[in-house]
Amino acid sequence: MKKVPCKCFAPATVANVAVGYDVLGFAIEELGDEVIIREGKEKGLKINTIRNRGKLSYDPTKNVAGYGALKMMQHLGIEDMPIEMDLNKNMPIGTGMGSSASSAVAGAFGINAFLDWPCKYHEVLRCATEAEQLADGSWHADNVAPSLYGGFVLIRDNESLDVVGLPTIPGLRAVVIYPHIKLLTKDSRDILSDKVELDQHIKQSGNLAAFVAAMYKSDIELLGRSIEDLIIEPQRAQLIPHFYDMKELAMTEGALGFSISGAGPSMFALCANSVIADNIEEGARRLFKDRGVQVTTYNSKINLEGAKKY
Ligand code: HSE
């Protein structure tokens with residue numbers, strides 16, 4: 001097997017996108033985790049360094065990037081191959097921007113790149129999804145799939161990982177607002193009711209279908225009408241400080257839609273252009289500053305590339 005030392009990047013993502021709980025996500029630019037993979041000296045995978053380590057483990061079975069790499073090595077039957085990994089953990093954990101998915105994809109994708117691409121993307125996707133499960137205990141690919149493939153990705157079925165890349169209306173931008181509070185995905189999932197009213201299901205199905213149609217038709221107005229979460233957002237909004245004030249600001253400034261990014265606490269606004277996005281970003285900074293909550297904002301085009309080798 002050919003071995004190519006490499007540096008790989010997997011981007012941050014916004015999951016759910018208001019209308020597709022656990023089944024829809026998109027990738028953003030610049031923010032994401034990186035791995036450097038090279039030949040090692042000892043048998044098996046070794047995590048050599050972790051930049052911005054926090055509480056992350058050096059044990060590959062307890063570190064999501066390491067586990068993604070390990071799953072890929074097991075899949076290829078090369079668990080004993082001496083491989084070293086450096087992890088640049090650029091993303092804070094528990095933000096709702098797919099931090100663990102970014103690590104999982106970087107690890108799995110990194111091994112595939114290091115071995116000169118022996119596996120197809122859907123094999124990488126499975127290994128990365130298994131690794132992400134280590135972080136929050138649940139099986140869903142709405143962060144992992146867009147981080148790997150880029151763009152908007154629809155998960156028709158999480159179990160079989162039947163995923164579909166969607167077209168993106170040109171010019172779309174996302175503003176992601178991360179208030180610095182801790183919110184674990186597990187806690188944010190645990191508060192959700194497992195029952196959905198039939199009339200909510202009907203409206204939400206209409207919105208999800210219209211969202212997909214809008215992307216195919218490049219119909220920005222239809223897209224704007226469809227971004228409305230009747231099921232998850234009303235249950236989770238209480239966990240996020242000033243959520244409804246921020247939503248009002250974003251919609252007044254002309255966002256196509258505004259909701260919770262993944263499991264929160266981050267929020268996102270989808271915007272038709274950069275002028276609207278800039279105004280929303282500036283407004284968000286002001287709003288949270290006035291209320292004494294520290295925020296970090298990201299103002300990004302949709303990342304159409306997904307994971308990459310530099
Ligand atoms: N779809 C997931 C959730 C994303 O909302 O819980 C979390 O990463």
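1. The lining of the largest pocket in this predicted model receives at least two residues from each of four helices: H1 (64–75), H2 (99–114), H3 (121–136) and H5 (185–190). Of the elements that contribute, helix H3 supplies the largest share, namely four residues.

2. The space in the largest pocket amounts to about 730 Å³. Its lining is made up of 37 residues, and those closest to the centre are Ile93, Gly94, Ser100, Ala135 and Asp136. When the lining of the largest pocket is sorted by residue type, 12 residues are nonpolar, 14 are polar and 11 are charged.

3. Which domains contribute to the lining of the largest pocket? Domain 1 (6–167) and domain 2 (173–301) each provide at least three residues of that lining.

4. The second largest pocket holds about 280 Å³ of space. Its lining consists of 16 residues, with Tyr21, Val196, Gln204, Ile231 and Ile232 nearest the centre. Helix H6 (residues 198–217) gives the largest share of this lining, five residues. By type, the lining of the second largest pocket comprises seven nonpolar, seven polar and two charged residues.

5. The next point concerns a sheet. Four strands form an open sheet in the order E8-E9-E7-E10, and their pairing is antiparallel. At its edges are strand E8 (257–260) and strand E10 (295–301), each of which pairs on one side only. From one strand to the next, the twist averages 15°.

6. Within this sheet, strand E7 (residues 173–179) pairs with strand E9 (residues 267–271) over five bridges, in the antiparallel sense. A reader who wishes to locate this pairing in the structure may begin with Ala174, whose bridge partner in E9 is Leu270.

7. Helix H9 (residues 243–252) lies across E7, E8 and E9.

8. The largest pocket has about 730 Å³ of space, and helix H3 gives the largest share of its lining. The second largest pocket has about 280 Å³, and the largest share of its lining comes from helix H6.

Key:
Residues are numbered from 1 along each chain as its sequence is written. This is a predicted model: local features need pLDDT of at least 70, side-chain atom pairs count only at pLDDT 80 or more; totals for chains, interfaces and linings use all residues. Side-chain values use heavy atoms; hydrogens and water are left out. Two strands pair if DSSP finds at least two bridges between them. Axes are lines fitted to C-alpha atoms, for helices over the stretch in contact, and angles run from 0 to 180 degrees between N-to-C directions. Contact means heavy atoms within 4.5 Å. On a 1 Å grid over the protein atoms alone, a cavity is a set of points where a 1.4 Å probe fits but cannot get out, and a pocket is an open set with protein on both sides within 12 Å along at least five of seven lines; lining residues have an atom within 4 Å of a point. Grid points are joined across faces, edges and corners, and a volume is the space filled by probe spheres set on the points. Ala, Val, Leu, Ile, Met, Phe, Trp, Tyr, Cys and Pro count as nonpolar, Asp, Glu, Lys and Arg as charged, and the others, Gly among them, as polar. Domain bounds come from an automatic or database domain assignment.
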